[in-house]
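Trainee: I'm new to this one, and I'd like a close look at a single part of it. Could you start there and then show me what lies around it?

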Amino acid sequence: MGPGSGTFKAPNQRSRSEAPAMDIIFGRNKKEQREPVRATVTGKIPSWLQGILLRNGPGMHTVGETRYNHWFDGLALLHSFTIRDGEVYYRSKYLRSDTYNSNIEANRIVVSEFGTMAYPDPCKNIFSKAFSYLSHTIPDFTDNCLINIMRCGEDFFATTETNYIRKINPQTLETLEKVDYRKYVAVNLATSHPHYDAAGNVLNIGTSIVDKGKTKYVIFKIPAMVPGAGKKGQRPLKYTEVFCSITARSLLSPSYYHSFGITENYIIFLEQPFRMDILKMATAYIRGVSWASCLAFHGEDKTYIHIIDQRTRKPVLTKFYTDPMVIFHHVNAYEEDGCLLFDVIAYGDSSLYQLFYLANLNQNFENNSRLTSVPTLKRFAVPLHVDKNAEVGSNLIKLPSTTARALKEKDDQVYCQPELLLEGLELPRINYAHNGKRYRYVFAAEVQWSPIPTKIIKYDVLTKSSLKWGEEHCWPAEPLFVPTPGARDEDDGIILSAIVSTDPQKLPFLLVLDARTFTELARASVDVEMHLDLHGLFISDADWGTGKHPSWEEQDGASDGHVAPQT
């Protein structure tokens with residue numbers, strides 16, 4: 001997709017090097033770098049930047065002679081950049097999930113992922129399937145937590161979209177205990193994009209499938225601190241509370257969702273027509289099909305906008321809706337003059353998920369990508385108080401700051417028509433100090449000829465202008481904003497992004513950009529097999545509680561405390 005144009009590069013404009021590049025990035029298993037290796041730094045890293053950039057994403061797609069169907073099914077590979085006094089150390093380790101251990105022990109895929117159904121018994125006949133049928137009706141999902149990293153009090157967890165999360169050591173990348181959300185709140189699925197308030201409390205949303213005859217979306221809160229937090233066995237998860245719940249419009253077809261929005265007083269949940277068929281999921285195992293095949297986009301349906309008042313913990317009664325769309329990432333939301341504004345990256349259908357099947361990534365990719373819906377930054381405006389005397393068809397939004405409209409309809413329904421801000425961007429991040437508040441800047445990956453990131457973009461939602469960073473053969477990961485200590489301006493800080501290269505002669509590196517000017521401050525190159533990751537976070541030393549991380553000696557048992565630089 002062209003920058004802001006939504007057009008795809010024609011196949012004959014595509015360079016010959018891009019075809020093997022797809023296999024380098026997506027098809028090959030990546031090796032771990034279990035011991036920290038020193039990066040070669042060019043430029044100067046700001047002296048105040050001290051901490052760990054911790055990232056997560058799929059790194060292994062074949063086990064023995066078996067292969068995952070979908071890129072999002074790959075086994076989780078954690079990697080980190082520890083930044084200390086201008087130096088950078090890199091390491092990576094596979095998450096030692098139960099899924100990973102079972103697969104490696106069997107030397108083949110024996111645990112199902114969303115796009116790949118696996119059978120522990122290699123004799124795939126109807127009888128072996130039938131014996132396992134009941135246990136897969138509402139499946140015990142994978143703990144292959146490959147999407148994001150979540151902070152919960154002083155603990156860090158690798159997360160995915162199932163009911164399982166895995167505690168990890170952010171310094172050593174060691175995998176610790178397996179945690180089942182269901183012990184604390186009745187959800188079978190949960191997002192990997194929770195929100196955090198100023199106190200560090202976690203707010204997240206999950207789906208409870210046919211619980212007590214109802215399928216509902218459950219918003220739950222995990223406190224940052226708990227009574228007797230210093231005592232052994234006390235963990236914030238034990239004090240998880242249900243904040244509120246929303247009954248799904250369909251008992252057997254709940255919406256898929258990847259994130260949600262929040263403001264100071266409200267929560268925004270989009271129930272989109274990208275839905276899971278529970279009955280099909282219940283029989284997927286015996287039918288020999290993946291759970292992903294039970295997910296379908298219903299283009300004839302609407303997208304319903306649920307607004308929950310955090311003060312009353314109840315939904316706003318007005319029924320808001322918009323056109324059918326698929327949303328993976330909310331960007332931000334805020335309140336302005338009696339209205340709630342929220343920005344999302346929207347697709348016209350579910351074709352993006354289809355594109356990331358490995359068969360599509362490695363064959364005829366340019367033709368497949370031209371059929372993919374264009375990711376578009378859209379701004380919606382919702383009136384928090386609807387005038388009952390307003391005429392049917394009238395626009396309820398009077399804000400001069402947006403062209404988004406909310407049209408009153410009969411039966412207390414309001415149709416929301418968004419303002420289109422920019423096409424061709426994904427993996428959005430903001431200065432999180434502005435989360436839920438009025439903000440100005442979106443930092444994201446720009447996607448040009450396909451959903452593959454080619455540049456990093458800073459988009460100004462106020463002036464509609466942008467700055468970009470890009471380099472040939474470089475694919476940037478999600479750009480993460482880290483504020484300068486004591487910063488007052490929203491863009492006073494730096495951008496961190498892990499860059500993978502499609503050129504075998506060019507090493508992958510950590511990029512450090514000045515967030516204000518988008519000029520390069522430094523890069524830290526590492527001679528390793530770095531994978532294209534999904535999401536992560538930065539843990540600053542000042543944020544760590546003790547104010548400092550254990551040294552390398554404590555982490556690795558090194559006798560002299562030094563790590564040889566990479567050559």
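Which residue, just after α2, takes a positive phi?

Mentor: That's Asn107, which sits just after α2 with a positive phi of about 60°. First, some ground rules: this is a predicted model, where local features need pLDDT of at least 70 and side-chain atom pairs count only at pLDDT 80 or more, while totals for chains, interfaces and linings use all residues. Residues are numbered from 1 along each chain as its sequence is written, and side-chain values use heavy atoms, with hydrogens and water left out.

Back to Asn107, which is not a glycine even though its phi is positive. Most residues other than glycine have a negative phi. Asn107 lies in the loop between α2 and α3 (126-132); helices here are DSSP runs of H or I with at least four residues, strands are runs of E with at least two, and both are numbered from the N terminus. Lys464 is also a non-glycine with a positive phi, about 65°. You'll find Lys464 in the loop between β32 (453-460) and β33 (466-470), partly exposed at a relative accessible area of 39%. Partly exposed means between the two cut-offs: buried is under 20% relative accessible area and exposed is over 50%, using a 1.4 Å probe and protein chains only.

Now step back into α2 itself, residues 98-106, where Thr99, Tyr100 and Asn103 are the buried ones. Looking down the axis of α2, these buried residues fall within an arc of 95°, so they line one face of the helix; the arc is taken from the directions running from the helix axis to the C-beta atoms. The cover over them includes β3 (51-60), β4 (62-63), β6 (75-84) and β7 (87-94).

One of those covering strands, β6, leads us on. Phe72 is in the loop between β5 (66-67) and β6, and Phe72 is partly exposed at 28% relative accessible area. Not counting residues up to four places away in sequence, Phe72 touches Leu146, Tyr353, Phe356 and Leu534, where contact means heavy atoms within 4.5 Å. Phe72 and Phe356 are 284 residues apart along the chain, yet their C-alpha atoms are separated by 7.5 Å.

The structure holds 2 cavities of 30 Å³ or more, a cavity being a set of points on a 1 Å grid over the protein atoms alone where a 1.4 Å probe fits but cannot get out.

Leaving aside neighbours within four places in sequence, Phe26 is in contact with residues including His61, Trp71, Phe356 and Leu532. Phe26 is also among the residues with the most contacts inside the largest nonpolar core, which has 108 residues. Such a core is a set of buried Ala, Val, Leu, Ile, Met, Phe, Trp, Tyr and Cys residues joined through side-chain atoms within 4.5 Å. Strand β25 (residues 339-347) gives the most to this core, with 8 residues.

Val41 is partly exposed at 27% relative accessibility, and beyond its neighbours within four places in sequence it is in contact with Gly86, Val88, Arg523 and Ala524. The C-alpha atoms of Val41 and Arg523 are 5.7 Å apart, although 482 residues separate the two along the chain.

Finally, the whole chain. There are 8 helices and 39 strands, and buried residues make up 58% of the 567 residues. Of the contacts between residues at least 6 apart in sequence, 62% join residues at least 24 apart.

Note on methods. On a 1 Å grid over the protein atoms alone, a cavity is a set of points where a 1.4 Å probe fits but cannot get out, and a pocket is an open set with protein on both sides within 12 Å along at least five of seven lines; lining residues have an atom within 4 Å of a point. Grid points are joined across faces, edges and corners, and a volume is the space filled by probe spheres set on the points.
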